[in-house]
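Dear colleague,

I am passing on the structure we talked about, and below it I have written out what I found when going through it. Please read the notes with the model open beside you.

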Amino acid sequence: MNEIEEQKQYMQKVKEINENIKQNDKENNKKLKYTILTMGCQLNENDSEKLCGMLEEMGYEKTENGEEADIALFNTCCVRENAEDKLFGKLGELKRLKEEKGISIAIGGCMMQEKHITDKIKQSYPFVDIIFGTHTLQRFPEDLYKVLTEKIKLEDILDIDGKVYEGLPIKRDSNIKASVTIMNGCNNFCSYCIVPYVRGRERSREPRAIIEEVKDLAKQGYKEITLLGQNVNSYLRVEREKQIPFEEYEGVHSFATLLEAINKIDGIERIRFVSPHPKDFTDDVIDAISKCDKVCKLVHLPLQSGNTKVLKEMNRKYTKEQYLNLVDKMKAKIPNLTLSTDIIVGFPGETDEEFEDTLDVVRKVKFEQVYMFIYSRRVGTPGDRMENQIPEEIKHKRFDKLKELVESQIEENNQKYVGTIQKVLVEGESKNNQELLTGRTDSNKVVIFEGDKSLIGQMINLKIVSEHMWYLKGEVVEK
Ligand code: SAH
Ligand code: SF4
Ligand code: F3S
C-alpha cells in the first residue's frame with residue numbers, strides 16, 4: 001500500500017472517532033470544526049488547501065471563528081521576521097481556548113523546519129499538540145489520529161527532502177481560479193533566503209500528474225490556473241541534468257512544453273505562473289508565453305536588487321545589464337507584456353549609490369506591480385553572517401523612497417487603462433461592496449464594476465472608466 005492510501009485509512013479512522021463523538025452527544029449533534037490560518041506564499045496556500053481537503057475527508061467542517069473550533073491549525077512561513085511575531089501572538093490567544101475547551105492545536109509549514117522555533121514552542125507553548133514540517137504534511141491524518149487516541153504531543157519533522165506525493169484530497173478556496181504546485185523546493189540559495197533550508201531541494205511533479213489535475217479542474221469549471229514553484233521555470237531541469245527518470249507526457253519535458261500542453265486544455269482560459277527566476281528564463285519559455293494565447297502576458301520577474309555587486313552578494317546569478325537585456329528581449333517578443341517584481345532593500349553592505357541602481361531599474365522597466373521588502377536577517381543564511389548589516393533607520397528610508405517611486409509609477413500607469421476595453425475574469429462580489437462585482441485583467445489589476453451575479457466565473461469585456469491606485473472601475477460593454 002502506498003503512503004497516501006495508508007493516510008486515507010487514517011482519515012477514515014478519524015472520521016469514525018468523530019461519528020462516535022456525534023452519536024454520544026445527541027443534543028449537540030453537530031459536525032466538528034476546524035479553523036486554519038495560513039501565512040506566506042501561494043505554495044503555502046496550496047498546501048493549506050490540501051490540509052483542508054484532509055480535514056474535510058475526516059469529517060470536519062471549516063469555521064472562521066476560532067471560538068467554535070475543535071482543531072486550530074497554523075500553516076507557517078518564515079521568509080521574514082514578522083511571521084514569527086504573528087505566530088507567537090496567536091499562540092498566546094489559543095492558550096485560553098486550550099484550557100477552556102480542550103481544542104487540538106497543530107502547527108505546520110516552513111517555520112517548523114527551524115529548530116530554534118520548535119525548541120521555543122516546546123518550551124514556552126507546551127500545549128501545542130502537533131508540530132509538523134514541510135516534508136510531512138501528507139502524514140497529518142496519522143499524526144492527528146495518534147494525538148486523538150493516545151493523548152500525546154507529537155513532533156513529525158523530517159530534515160531530508162520529502163517525496164512528491166500525488167492523490168491527496170484538496171478543498172480549494174475558489175471555484176474559478178486554482179493553484180497547481182508543479183515543483184517543490186529550491187536549489188538557488190540566494191544568500192538572504194531561508195526557503196532552500198526549509199523546503200529542501202527541487203523536485204518536479206510528473207507531467208502526467210499535472211496535466212491530469214488541470215484537465216480535471218477544467219472539467220469542474222475552473223477558468224484560471226496558476227502554476228506554482230519557488231523556481232517555476234526550472235521545472236524538470238534538475239531531473240534532466242541529473243538524469244533522474246521522468247515520463248514525458250503529451251510532449252511535456254520542460255517548463256515551456258508544460259505551458260504549451262496546458263494551453264491546449266479546453267475550458268481553461270487563463271494560465272499564470274509564479275515565481276520564475278531570471279537566470280532560467282530561456283528563449284523557449286519566452287516563445288511559449290508569446291504564442292500561447294491563454295498564458296497571461298503579466299510576468300512576475302523578481303529583481304531583488306538593481307545593482308550588480310549586491311546581486312552578486314545575493315547570489316542571484318545575473319547582473320543589472322543581464323536583467324535589463326532580458327526585459328528588453330521579452331518586451332520585443334511578447335506583445336502587451338507587463339511585468340511585476342520583488343525587491344529587497346537594505347541587504348547587508350548595500351550603499352546609497354547601489355540602492356540608486358535599484359531605483360534606476362524600476363524607472364526603466366516601469367513595473368505593473370512591485371512587492372517591496374525590507375531585508376530581514378534569517379538564522380542560518382549567509383546574509384545573516386555578513387558583518388555590514390544596514391541600520392533599520394536607513395532600510396526604512398530606502399523603503400519609503402522606493403515606495404514613493406513605485407506609487408507614482410502605478411498612478412501614471414493606471415491612467416493608461418482609462419478608456420480602454422479590458423478582458424476581465426469575473427471572480428465574485430466585491431469584498432467592500434456586495435452590490436458590485438470584482439474581477440481581474442490579464443495584467444492582474446483588480447476591476448470593480450456593476451453587473452449581474454450571473455457574470456461570476458465568466459470572461460467579459462469591461463470599459464475602464466476610472467482609476468483608484470489599487471483598483472480600476474469598469475463598465476460592462478454591451479455585446
Ligand atoms: N522563489 C521566489 C520567491 C521567494 S520568497 C523568488 O525567487 O522570487 C518571496 C520574496 O520574499 C522574495 O522574492 C524576496 O524578495 C523576499 N525575501 C526573501 N527572503 C527575504 C529576506 N530575508 N528579507 C526580506 N525579503 C526576503
Ligand atoms: Fe529564495 Fe532565491 Fe530560492 Fe527564491 S530562488 S526561494 S529567493 S533561494
Ligand atoms: Fe514562506 Fe515557506 Fe512560502 S517560508 S514564502 S511559506 S515557501
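A salt bridge here is a side-chain nitrogen of Lys or Arg within 4 Å of a carboxyl oxygen of Asp or Glu. Please keep in mind throughout that this is a predicted model, and that the distances and areas that follow are computed from it.

The domain assignment divides the protein chain into domain 1 (3-156), domain 2 (174-295), domain 3 (297-415) and domain 4 (421-476). I looked at how domain 1 and domain 2 meet: their C-alpha centres lie 29 Å apart, and the contact takes 14 residues from domain 1 and 14 residues from domain 2. Between them these two domains bury about 1200 Å², of which 56% is on carbon and sulfur atoms.

Under the rule given above, one salt bridge is found across the interface of domain 1 and domain 2. There is also a salt bridge between the side chains of Arg199 and Asp47, with 3.1 Å from N to O. The count of residue pairs in polar contact between domain 1 and domain 2 is five, and on the side of domain 1 that touches domain 2 the residues divide into five nonpolar, six polar and three charged.

Turning to the ligands, ligand 1 is surrounded by 15 residues, the closest being Arg80, Gln230, Gln304, Asp342 and Ser376. A polar side-chain atom of Arg80 lies 2.8 Å from an oxygen atom of ligand 1, and one of Asp342 lies 2.6 Å from an oxygen atom of that ligand, whereas in Tyr192 it is a backbone N or O atom that lies 3.0 Å from a nitrogen atom of ligand 1. Taken alone, ligand 1 exposes 540 Å², and the protein buries 91% of that.

Around ligand 2 are Cys186, Asn188, Phe189, Cys190, Tyr192, Cys193, Val195, Pro196, Gln230, His277 and Arg316, a shell that by class has seven nonpolar, three polar and one charged residues. Around ligand 3 are Cys41, Asn44, Cys77, Cys78, Val79, Cys110, Arg199 and Gln230, and this shell has five nonpolar, two polar and one charged residues.

Methods
Residues numbered from 1 in each chain as written. Chains lettered and ligands numbered in written order. Predicted model: local features only at pLDDT ≥ 70, side-chain atom pairs only at ≥ 80, totals over all residues. Heavy atoms only, no water. Domains from an automatic or database assignment. Contact = heavy atoms within 4.5 Å. Buried area = accessible area lost by both parts, 1.4 Å probe. Polar contact = N/O pair within 3.5 Å; in protein donor to acceptor, adjacent residues only side chain to side chain. Nonpolar A, V, L, I, M, F, W, Y, C, P; charged D, E, K, R; others polar. Near = heavy atom within 4 Å. Areas by Shrake-Rupley, 256 points an atom, 1.4 Å probe, with all protein chains shown as cover.
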